[in-house]
Amino acid sequence: MAKLQKSKDKREALVKATICLVNNDGFHAAPMSKIAKMANISPATIYLFFEGKQDLVNQVYIEVKASFSDYAFETFTDDMDVEVGFELIWKRIAHFKLKEREEAMFLAQCDNTPMIDEPSRKEGIKHLQPLLDLWHRGKEEGVLKPVSDYLLYAYSINPLSFLMLAQHRGECVITEKTIIEAYQAAWDSIKL
């Protein structure tokens with residue numbers, strides 16, 4: 001049992017080191033040797049858990065996306081009114097991005113890089129299915145604009161990443177008032 005826990009601890013250290021290095025230096029400035037060093041693990045040990053850097057980054061992306069989605073949809077139910085459900089999900093996403101900054105920044109990096117392969121991107125999108133289903137219902141009910149899910153995401157969810165990164169750079173401070181105003185702007189951008 002102790003050996004299994006030690007193995008889990010090593011893998012977790014690699015995941016945390018990957019997130020930290022990618023956030024601070026970018027994907028290309030985070031070689032396996034640097035990740036291993038930061039995780040305090042032999043470089044050869046990485047290959048017990050991951051096939052290579054591509055596999056490492058893709059697996060970390062999927063794990064972080066799953067954690068993000070679990071948090072975002074934890075209190076959501078399919079029978080909620082579209083606006084009520086969207087507000088709940090949106091505010092939980094905002095809370096995650098503010099509370100779990102490292103993971104949120106990593107996801108923002110992943111959204112803007114070709115480093116994540118197509119199967120991993122598709123797996124990541126599957127984690128957003130409750131939101132996509134809510135949007136589909138909202139379009140059917142005539143509550144939401146009949147545009148693509150990509151446009152709905154771009155106008156309502158992506159601005160959260162922009163605000164989070166601006167706060168990280170010290171350009172703004174996200175307050176409760178900011179969250180309320182940002183939610184209203186997001187809802188106004190997608191509702192009919």
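Predicted model: local features only at pLDDT ≥ 70, side-chain atom pairs only at ≥ 80, totals over all residues.

Mentor: Start with helix H5 (residues 82–99) and helix H6 (residues 101–111), whose axes come within 5 Å and cross at roughly 105 degrees.

Trainee: How are two packed helices described?

Mentor: Two packed helices are described by the angle between their axes and by the distance between those axes. Here, angles of 65 to 115 degrees count as roughly perpendicular. H5 and H6 are therefore roughly perpendicular to each other.

Trainee: Which residues make the contact?

Mentor: From H5, they are Phe96, Lys97, Leu98 and Lys99. H6 brings Arg101, Glu103 and Ala104. By type, the residues of this contact divide into three nonpolar, no polar and four charged.

**The core**

Trainee: What should I look for in the interior?

Mentor: In soluble globular proteins, nonpolar side chains tend to be buried together. In this model, the largest nonpolar core has 55 residues. Phe86, Trp90, Phe106, Trp135 and Ile157 touch the most other members.

Trainee: Which helix gives the most to this core?

Mentor: H4 does, with nine residues. Helices that each supply at least two residues include H1 (2–25), H4 (53–73), H8 (129–140) and H11 (176–190).

Trainee: What is phenylalanine 86 in contact with?

Mentor: Leave aside its neighbours within four places in sequence. Phenylalanine 86 then contacts Leu131, Leu134, Trp135, Ser156, Ile157, Tyr183, Trp187 and Ile190.

**One face of a helix**

Trainee: Which residues of H2 are buried?

Mentor: Met32, Ile35, Ala36 and Ala39 are the buried ones. Seen down the axis of H2, they fall within an arc of 100 degrees, so they line one face of the helix. Just after H2, asparagine 40 has a positive phi of about 60 degrees.

Trainee: Why does alanine 36 count as buried?

Mentor: Buried means under 20% relative accessible area. Alanine 36 counts as buried because its relative accessibility is 0%. Beyond its neighbours within four places in sequence, alanine 36 is in contact with Leu14, Ile41, Ser42, Pro43 and Ile46. Leucine 14 is 22 residues away along the chain, yet the two C-alpha atoms are separated by 6.7 Å.

**The whole chain**

Trainee: How many helices and strands are there?

Mentor: The chain has eleven helices and zero strands. Its C-alpha trace spans about 55 × 35 × 30 Å along the principal axes. Of its 192 residues, 42% count as buried.

Methods. Residues numbered from 1 in each chain as written. Heavy atoms only, no water. Axes fitted to C-alpha atoms, helices over the stretch in contact; angles between N-to-C directions. Helix = DSSP H or I, 4+ residues; strand = E, 2+ residues; numbered from the N terminus. Parallel < 35°, antiparallel > 145°, perpendicular 65-115°, else oblique. Contact = heavy atoms within 4.5 Å. Nonpolar A, V, L, I, M, F, W, Y, C, P; charged D, E, K, R; others polar. Core = buried A, V, L, I, M, F, W, Y, C linked by side-chain atoms within 4.5 Å. Buried < 20%, exposed > 50% of the residue type's maximum accessible area, 1.4 Å probe, protein only. Arc of directions from axis to C-beta.
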